[in-house]
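Me: I am new to this structure and would like to learn how to read it, one feature at a time. Could we begin with the overall layout?

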Amino acid sequence: MKLGFIGTGKITLSVVTGICTSKISFQKILVSPRNRNIAQKLKKRFRKVNIGKTNQEIVDKCNWVFLAVTPKVGAKILPKLNFRSNQKIISFISTINLTQLKKIVKKKAKIVRAIPLPPISLGKGPVPICPPDNQVRDFFNKIGITVEIRNEKSSKNFWATSGMMAPFYEILKVLSDWLVKKGIKRNEAQKYITSLFVALSEDSAVNSKKHLKYLVSESQTPGGLNEQGVKELRKSGFYKSLEKSLNSILKRLNKK
Ligand SMILES: NC(=O)c1ccc[n+]([C@@H]2O[C@H](COP(=O)([O-])OP(=O)(O)OC[C@H]3O[C@@H](n4cnc5c(N)ncnc54)[C@H](OP(=O)(O)O)[C@@H]3O)[C@@H](O)[C@H]2O)c1
């Protein structure tokens, strides 16, 4: 199977790295020439990666075509491409919906929207796909955890929560900066904070079958530091503003 990527930016770098370091069996990966640096970096690192000359060459030579350009670029370049009916098209584009994609592709090709996230390069993280597709599900299950979503409206809620990656890293940064201000060396501060949050994330994933409220309460000692932390943050509106941001991201997605 030949896999093609239109748009070689951040997410293609992560997905291609994930594929090439996984057990997925494929013949070749063809990435588009832009971004030049990333395309060359991938070709240099992975034997099976080549750089196509044009976007159309990628469509012509590949069985599965991943769309990984920004919505603006997609709207400009995708209508000019000639796809085939026997192709599978997997779109990572945040705001072009299935109906619009069908119109753009014109052929009866199978189109699936997917939301991989950068940790896919480590073979980790959820990949919501919509509509469900067995081959795409099995593919992403080898480099992450596929979450099949039947209806597109519901998939937008997952898109919205994926907008919380940068805020998550910002929390790690604020905590590390705070330790640094207290005189701790930057590398020690970051090592402490990142390993603390890895441990908490792993623990929450292991316990994800029970309601998360139990982790919130079990991690507090009556009158202890965590009780103070969560109480004060709740009172200050920290978590409410998290919800508010999610709603406003969703509103933006629903406008498209
Ligand atoms: N980053 C994420 O975590 C993530 C997760 C899920 C989905 N997505 C979605 O995936 C898409 C790409 O995101 P990204 O973060 O990877 O963005 P990005 O880093 O900006 O990558 C987009 C790439 O498209 C290239 N490009 C521009 N014009 C092109 C053309 N005419 N033909 C082919 N490629 C062209 C750009 O190349 P130049 O640098 O040369 O302009 C750039 O490298 C977006 O729709 C985004 O919503 C992103």
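Reply: Domain bounds come from an automatic or database domain assignment. Keep in mind that this is a predicted model; here the assignment gives domain 1, residues 2-153, and domain 2, residues 165-255.

Me: How many Å apart are the C-alpha centres of domain 1 and domain 2?

Reply: The C-alpha centres of domain 1 and domain 2 are 32 Å apart.

Me: Which residues come nearest to the ligand?

Reply: The ligand has 24 residues around it, and of these G7, G9, R34, N35 and S94 come nearest. By class, the shell holds 13 nonpolar residues, 9 polar ones and 2 charged ones.

Me: Which residues have the most contacts inside the largest nonpolar core?

Reply: A nonpolar core is a set of buried residues joined through C-beta atoms within 7 Å. The largest one here has 43 residues, and V16, V65, F66, L67 and A114 have the most contacts inside it. Helix α1 gives the largest share of this core, with 5 residues. If residues up to four places away in sequence are left out, F66 touches L3, G4, F5, V15, I90 and F92.

Me: Why does helix α11 lie largely in the open?

Reply: A residue counts as buried if 20 or more other C-beta atoms lie within 10 Å of its own. Helix α11 spans residues 225-235, and because the number buried among its 11 residues is 0, it lies largely in the open. Just after α11, G237 takes a positive phi of about 90°.

Notes. Residues are numbered from 1 along each chain as its sequence is written. This is a predicted model: local features need pLDDT of at least 70, side-chain atom pairs count only at pLDDT 80 or more; totals for chains, interfaces and linings use all residues. A residue is near a molecule or strand if its C-beta atom, placed from the backbone, lies within 6 Å of it. Ala, Val, Leu, Ile, Met, Phe, Trp, Tyr, Cys and Pro count as nonpolar, Asp, Glu, Lys and Arg as charged, and the others, Gly among them, as polar. A residue is buried if 20 or more other C-beta atoms lie within 10 Å of its own, exposed if 12 or fewer, and partly exposed in between; C-beta atoms are placed from the backbone. Helices (H or I, at least four residues) and strands (E, at least two) are DSSP runs, numbered from the N terminus. Two residues are in contact if their C-beta atoms, placed from the backbone, lie within 7 Å.
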